[in-house]
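Work through the exercises below with the sequence and the model side by side. Try each task before reading its solution.

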Amino acid sequence: MGEKIGYIRVSTKEQNTARQDDLMKRLGVDRVYEEKISGKNMNRPQLKAMMDYVRQGDTVVVESYSRLARSTKDLLSIVDHLNEKGVAFVSQKEKVDTSTPQGRLMMTIFAGLAQFERECTLQRQAEGIAIAKSEGKYKGRQPIAKPSEWDSVYAQWKAGDITARVAQKKLSLAPATFYRMVKKYGSMA
């Protein structure tokens, strides 16, 4: 039998974790990872440390799944990763426990709802674009203009005098945009 691993999160340093701390003590959690950081960012140091630490047979316990993730998509991603490692997930408030058939059913329902939400959003977006195009209001994303110093910077890069990263910085271009322009304008230089 593995360990019970707790994860506690509040959004700001000023917020109090006492309620979540108390729950972890009552549940007899073996190890707790705690952080005071917004949940909108998946790059959370303690979340990463916990995900690296857990191993098959462990159970991750949270007070509410909103402490672990701010979106259904992020929650499902984390729970999928835990499942791959053979780790159960328990959310006390929502009474979700993925070590049970009922808990797995709830996660399947969450996944279905998230997929439905994504597809409805894409459908509404496509319908809105179609209407805007028919009214002549939607022109699409405007292409990024070729920078005035393109030829000289491209020549330096092509000659090996500078790296692609330096060229991108000089031209204020993202890597994908830089290489798209290399493909488009490279043979003209």
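Is Lys-95 exposed or buried, and what is its relative accessible area? Lys-95 is exposed, with a relative accessible area of 68%. Exposed means over 50% relative accessible area, buried under 20%, and partly exposed in between (1.4 Å probe, protein chains only).

Some ground rules come next. This is a predicted model, in which local features need pLDDT of at least 70 and side-chain atom pairs count only at pLDDT 80 or more, while totals for chains, interfaces and linings use all residues. Residues are numbered from 1 along each chain as its sequence is written, and side-chain values use heavy atoms, with hydrogens and water left out.

**Exercise 1. Examine the backbone at Lys-95 and Ser-172.**

Step 1. Most residues other than glycine have a negative phi. Step 2. Lys-95 has a positive phi of about 60°. Ser-172 has a positive phi too, near 55°. Step 3. Lys-95 is in the loop between β4 (88-91) and β5 (96-97). Ser-172 is in the loop between α7 (164-171) and α8. Helices (H or I, at least four residues) and strands (E, at least two) are DSSP runs, numbered from the N terminus. Step 4. Check the accessibility of Ser-172: it is exposed, at 66%.

**Exercise 2. Find the buried side of α2 and what covers it.**

Step 1. List the buried residues of α2 (residues 45-53): Leu-47, Met-50 and Met-51. Step 2. They cover an arc of only 95° around the axis, so they share one side of α2. The arc is taken from the directions from the helix axis to the C-beta atoms. Step 3. Turn to the other side, where Pro-45, Lys-48 and Asp-52 are exposed. Step 4. Identify the cover. It includes β1 (4-10), β2 (31-36), β3 (59-62), α3 (65-68) and α4 (72-84).

**Exercise 3. Describe the largest nonpolar core.**

Step 1. A nonpolar core is a set of buried Ala, Val, Leu, Ile, Met, Phe, Trp, Tyr and Cys residues joined through side-chain atoms within 4.5 Å. Step 2. The largest has 22 residues, and Met-50, Leu-68, Leu-75, Leu-82 and Phe-89 touch the most other members. Step 3. β1, α2, β3, α4 and α5 (101-134) each supply at least two residues. The largest share, 5 residues, comes from α4. Step 4. Inspect Leu-82. Not counting residues up to four places away in sequence, Leu-82 touches Met-51, Val-54, Val-60, Val-87 and Phe-89. Contact means heavy atoms within 4.5 Å. Step 5. A second, separate core of 13 residues includes Trp-150, Tyr-154, Trp-157 and Tyr-185.

**Exercise 4. Classify the ring pairs of Trp-150 with Tyr-154 and with Phe-178.**

Step 1. Rings of Phe, Tyr and Trp (its six-membered ring) pair if their centres lie within 6.5 Å; planes under 30 degrees apart count as stacked, over 60 as edge-to-face and the rest as tilted. The structure holds 8 aromatic pairs. Step 2. Trp-150 and Tyr-154 have ring centres 5.6 Å apart and planes at 20°, so this pair is stacked. Both lie in α6 (residues 150-158), 4 residues apart, about one turn of the helix. Step 3. Trp-150 and Phe-178 have ring centres 5.9 Å apart and planes at 55°, so this pair is tilted. Phe-178 lies in α8 (residues 175-185) and Trp-150 in α6, so the pair ties together parts 28 residues apart in sequence. Step 4. Ring pairs link Trp-150, Tyr-154, Trp-157, Phe-178, Tyr-179 and Tyr-185 into a cluster.
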